[in-house]
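Hello! Here are a few notes for you to read alongside the coordinates.

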Amino acid sequence: MKELEQIILERGTILPGDILKIDSFLNHQIDVKVLDMIGEEFYKIFKDSNPDKIMTIEASGIAIATAASRYFGSIPVLFAKKTYALNMSANTYQSHEHSYTRDIDYNVQVSKDYLHEGERILILDDFLANGEAMNSMIDICNQAGAIIVGCGSVVGKSYQPGIQRIKDMGYHVECLASVKSMSDDSIEFE
């Protein structure tokens, strides 16, 4: 998606440790016009998959999934929680995730009240690099017996193993901006 790539070049920052910081428009401050464009593009890509719900992981994926939901007729958005809360049911599906950018392990969980066998799930997130977050959501869907109809990410790093890892599992994977390489001062897209 050329327009998104241009926004990343203009507003993104490359940090040490191979981190692409896009918090000026997506991860901390949200540019609603860009978010709406992202939601519409995910709809164009996955509209024929007919999802019942969109699943993501807190926190950055929530806005993305919500924007896409609008184009799918406002289907429910379900997000995996990274931490336990007193108001959450103990009856959950759980999976492990390691966050590279935070260097923290999470026990990701979704209430069994909101994810059911046979439901068609579109998984969306902000980044797909090593595939840890995406893999944990896939694991949770598989535990529930849900049908994963696609996996989408706003930014994918094709030089890291995540995209291929998810494709090798047999899932349809699409990244709106696919980063081929990054250096201290440049980004090359596929």
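The points below cover a helix pair, a pocket and some backbone details.

1. Please keep in mind that this is a predicted model.

2. Let's begin with the helix packing. Two packed helices are described by the angle between their axes and the distance between the axes. For H1 (residues 2–11) and H3 (residues 32–46), the angle is about 145° and the axes are 11 Å apart. Their crossing is left-handed. On the H1 side, Glu3, Leu4, Ile7 and Arg11 make the contact, and they meet Val34, Met37 and Ile38 of H3. By type, five of the residues in this contact are nonpolar, two are charged and none is polar.

3. Next, the second largest pocket, which holds about 150 Å³ of space. Twelve residues line this pocket, and Phe79, Lys81, Met88, Ser111 and Tyr114 are the ones nearest its centre. Strands E4 (77–80) and E6 (104–111) each supply at least two residues of the lining. The lining is made up of six nonpolar, four polar and two charged residues.

4. Most residues other than glycine have a negative phi, and most peptide bonds are trans. The bond from Glu58 to Ala59 is cis, with omega near 0°; Ala59 sits in the loop between E3 (53–57) and H4 (60–71).

5. Two non-glycine residues with positive phi deserve a look. Asp18, with phi near 65°, lies in the loop between E1 (13–15) and E2 (19–21). Its relative accessibility is 25%, so Asp18 counts as partly exposed. Ser74, with phi of about 60°, is in the loop between H4 and E4. Ser74 counts as exposed because its relative accessibility is 55%, over the 50% cut-off.

Notes: Residues are numbered from 1 along each chain as its sequence is written. This is a predicted model: local features need pLDDT of at least 70, side-chain atom pairs count only at pLDDT 80 or more; totals for chains, interfaces and linings use all residues. Side-chain values use heavy atoms; hydrogens and water are left out. Axes are lines fitted to C-alpha atoms, for helices over the stretch in contact, and angles run from 0 to 180 degrees between N-to-C directions. Helices (H or I, at least four residues) and strands (E, at least two) are DSSP runs, numbered from the N terminus. A crossing is left-handed if the near helix is turned anticlockwise from the far one by less than a right angle, and right-handed if clockwise. Contact means heavy atoms within 4.5 Å. Ala, Val, Leu, Ile, Met, Phe, Trp, Tyr, Cys and Pro count as nonpolar, Asp, Glu, Lys and Arg as charged, and the others, Gly among them, as polar. On a 1 Å grid over the protein atoms alone, a cavity is a set of points where a 1.4 Å probe fits but cannot get out, and a pocket is an open set with protein on both sides within 12 Å along at least five of seven lines; lining residues have an atom within 4 Å of a point. Grid points are joined across faces, edges and corners, and a volume is the space filled by probe spheres set on the points. Buried means under 20% relative accessible area, exposed over 50%, partly exposed in between (1.4 Å probe, protein chains only).
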